[in-house]
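Please view the structure alongside the text.

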Amino acid sequence: MLLLILKRIGLGLITLFIVSLITFVGVEVLPGDACTTYLEREAYGAALDACIKRLGLDVPAYERYLDWASNVVRGDFGYSLSGEMPINEVLGPRVKNSLVLASVSILIGIPLAIVLGIITALWRDKLPDIMISTITIFSMTIPEFISATLLILIVAIWLGWLPGIVIIPSDATFYELLSNIILPVVAISMIMTAHMARMVRSSVIQVMASDYVQMAILKGVPYWKMVFRHVLPNALLPAINVVALTIAWLLGGVVVTEVVFNYPGLGRLVIESISNRDLPVVQALAIILASIYVGINLIADLMTLMLNPRLKSLQIRK
Amino acid sequence: MNEIIESVKNLSIGFNSQKGKQISILRNVSTNIKKGETVGIVGESGSGKSTLALAMMGYIKQGLFPLKGECLFKSEDLLKMSSRQLEKIRGRKIAMIPQNAGQALTPNLKIGYQIDEALKLHTDLNKTERDKKISELLNKVRLPSPETMAFRYPHELSGGQQQRVAVAMALAGKPDLLLLDEPTTGLDVTTQAHVLELLRFIAKDTGTSMIYVSHDLGAIAQVSDRIVVMYAGEIVLEGPARKILKEPIHPYTYGLLKSIPKLSLAGLPASMPGSQPQPGSINEGCSFYDRCNLATDNCKKNSPDLEHIKELDTNVRCFNYKELINQNNNLQTSITKKSNNSEANEVLKLKDVSISYAKQKFFDQLLNKISDQNPTVKDININIKKGETIALVGESGSGKSTILKSIAGLLKTKDGQIKFENDRILSSDLKMRNPNDLRAIQLIFQNPDESLNPNHTVEQILSQPLKLYFNLSGEELKKNIIDLLKKVRLGEFYMSRYPRQLSGGEKQRVAVARAFAAKPDIILCDEVTSALDVSVQAAVLNLLQQLKEDLGTTYVFVSHDLAVVRAISDRVAVLYQGRLCEIGPSQNVYKFPSHPYTEVLLGAVLEPDPDIKPKLVAEDIVEEKPPEKGCSFQGRCPRKIGDICNSEVPPWQIGENGNAIRCHINIEELASLQQ
């Protein structure tokens, strides 16, 4: 088991290494470099030379990669071009904001999705299922920029209950954030919950039709006991991976929602730094987002392994 | 003894079709189960036997509902009970032993928990008493090391062990009535015989009544006191087991018994024409009218009632049953088949073939080193003559399908050669074989549902090999397809059908036609009849034999069913753990002296005759890997003589009838031991 975990972590690190190489090479082969972008029309003569010297662009690419990579490993991403401040300082509050938005959405959305999925499956084709399924399919099909805009129109403008866009400094405290993120959370949860509820529903329905559930009924196991002991553990197992992907998607920045609500999270930072051609920040973001995906999927895989007795004993036997 | 436990009265169960019509699956079924009695319910797939059995627990599958009638358990109607009331009866008064225990045990819960759950629900025992009871129960169903068994998960057990756990679970609530839904289907022959023996013991030991549902008359014959025969949702015959099996007076039962291949008979079983009608398709007359050779005009218009015949203690649903009384000598006959010309040339030779599933490790691959010293299949030497049917027999894991796949080129051999026609070596890689060799060797699969593309019509399915190998098109292609359909006795109108519109037997006929489309020299048959009903199986076997006699094809026939093999094959090779044990002409393999493994297999075969009991000579342990050295059967052999069996591969000995046996015991001594 331990060996397996180490193996998986090793694979994850290799993935990250490849991602870092690709982003580095990608940035290298693009026409122009950080200095030409930064200096724009003044990118000639002494100013350009000075800039190249300052940023260390005169050394060969592989040396720069090694230098950059070793700094990254130590947790230092270098300097941003546009802000001329350490990238860590740029990223820090953004990561925190994204984390807050993601975790609030997860805490509300995932339990809600599981409950809705179970209800729709157990009352399949009855009134609760028809109602909830209609709503979930509806909220799945509306693109988030429309649902988000509608939310602003109704709740913020017509009713005036909540602020329409988030106007807070990017280093606001947690409590300042909380009152501001209600609308973004609702907008994100609508789509996320709908997707997951549908998945949980079909998974529960599948397990309910299995031989072992029929057997449990014929054994005289009371209905709710059967649902909790025989159905849910088996039905929710495949949901773990979907939950993981959703979490990764949330942390990686829900770009559209962040833009609509003007929320200072990672997603918006990605857009901003790309349009500013702030290449060091883009590189840093690529690495961070890749680590989030790799890390969360690793956790999900290990959880599935731990919870599924079939896979567990398979691994031990090997 | 005569107290009635459960009584089904005029029960009909059905569903609403898409057109809003009510279609019944069970029609007017009435029967009584007495205390301490074992009733066998037998019928082919779609006869409604499982629906009836589940209704007897008050369980109706989703989509179905009771149309009329009642299921009285101790004079209370189960179909009218609330789920609360049913929970008190299920598992405590009536318990179920499911068909496929592997799927009926919840995968995330340990064995012990699942038995404990039944104990908690249905007894007042406390924790320590329950723990004791669990190991008692596991002991009772003869599971090895019952103390540790409770801590294992269902998937860690073999099929036979899972079935035993299901039995233990059903016994936990001390039920008055046990319902067994095909409890041994899908198990190996020896395992099946052992589980049946256990069930018989439990019935005697606990005095529980049992309802045994199965399509297999062989299994039913071993356990039942009384037999109910179902056809198209109706009871057609009901009576004491011995009477039903020895003197069947309903034409369906009679035909069914004749269509079962028997160990004692060489030659093919007689087949019944047609197949069971679909639910809802019968409007008037007897449901068996289409397939019955006693049918009269009366049978077409009026449907017979279940008539009680006092002197035979039997209920029968037939107008003309009297014609079948005293007709039963005919049951022990079969169709003789032409045997092949023994002078024929050898068309396929397997020389020292070994096959391994072990993946080569990365470094071994680099060094081109073969790491597996103990391959799944080893040292197979078989020479197959033209026009011969050779059968490969063995239980699951015997390597029979593996060998078939490597002949087909789907699996690479590790060692040895496969030689085709004039000793030309066939590449073990499919891509390296020339198109003509590919055409010459065709494969028919076990399950036609999976081997026929559901999105292709029969015409498309059959035209593929014709286009590929013979470049046919247009009128000529169509003519060939019609010819092929005629060969497998299907009409021209089948061309536009999709596989889902065909019955199981018809699908397998299409699969046979597809194989013959290539005009092959050799057809590899992988358990081709095991997914079919008995009456359909007989028809497919007869068809294969007829085609072979007409076209001179060679068959390599893989099966786990020794009676089927006896019926169809000229020569038999018995395999255990990927090693040959015995090979010879089939009439000799079925006679003694035999290899001890053949003896075990023959002893475990269930005959549809209550007087022939299986002989259980070896344990039904599952071995995961063949032993590294010595005889492959050393682990289970009832005639093991000592260390030599563990250390040395036994020599081949040729008996006087020409069958070769691989055993350390001298063949004459073996003969006297087996007398």
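## Backbone, sheet and packing

B:Asp352 lies in strand 13 (residues 346–355) of chain B, where helices (H or I, at least four residues) and strands (E, at least two) are DSSP runs numbered from the N terminus. This is a predicted model, in which local features need pLDDT of at least 70 and side-chain atom pairs count only at pLDDT 80 or more, while totals for chains, interfaces and linings use all residues. Residues are numbered from 1 along each chain as its sequence is written, and chains are lettered from A and ligands numbered from 1 in the order in which they are written.

Phi of B:Asp352 is near 50°, a positive value in a residue other than glycine, and a positive phi is also found at B:Arg142, likewise not a glycine. The table sets out both residues; a residue is buried if 20 or more other C-beta atoms (placed from the backbone) lie within 10 Å of its own, exposed if 12 or fewer, and partly exposed in between.

| Residue | Phi | C-beta neighbours within 10 Å | Class |
|---|---|---|---|
| B:Asp352 | near 50° | 12 | exposed |

B:Arg142 is found in the loop between helix 5 (127–140) and helix 6 (146–149) of chain B.

Strand 16 (residues 415–420) of chain B is joined to strand 17 of chain B by 3 bridges, and B:Lys419 has B:Ile425 of strand 17 as its bridge partner.

In chain A, the axes of helix 5 (residues 87–122) and helix 12 (residues 239–251) come within 9 Å and cross at roughly 150°, axes being lines fitted to C-alpha atoms, for helices over the stretch in contact, with angles running from 0 to 180 degrees between N-to-C directions. The two helices of chain A are therefore roughly antiparallel, a class for angles over 145 degrees.

Between the chains, 19 residues of chain A are in contact with 25 residues of chain B, contact meaning C-beta atoms, placed from the backbone, within 7 Å. On the side of chain A that touches chain B, the largest share, 6 residues, comes from helix 10 of chain A.

Technical notes. Pairing = 2+ DSSP bridges. Contact = placed C-beta atoms within 7 Å. Parallel < 35°, antiparallel > 145°, perpendicular 65-115°, else oblique.
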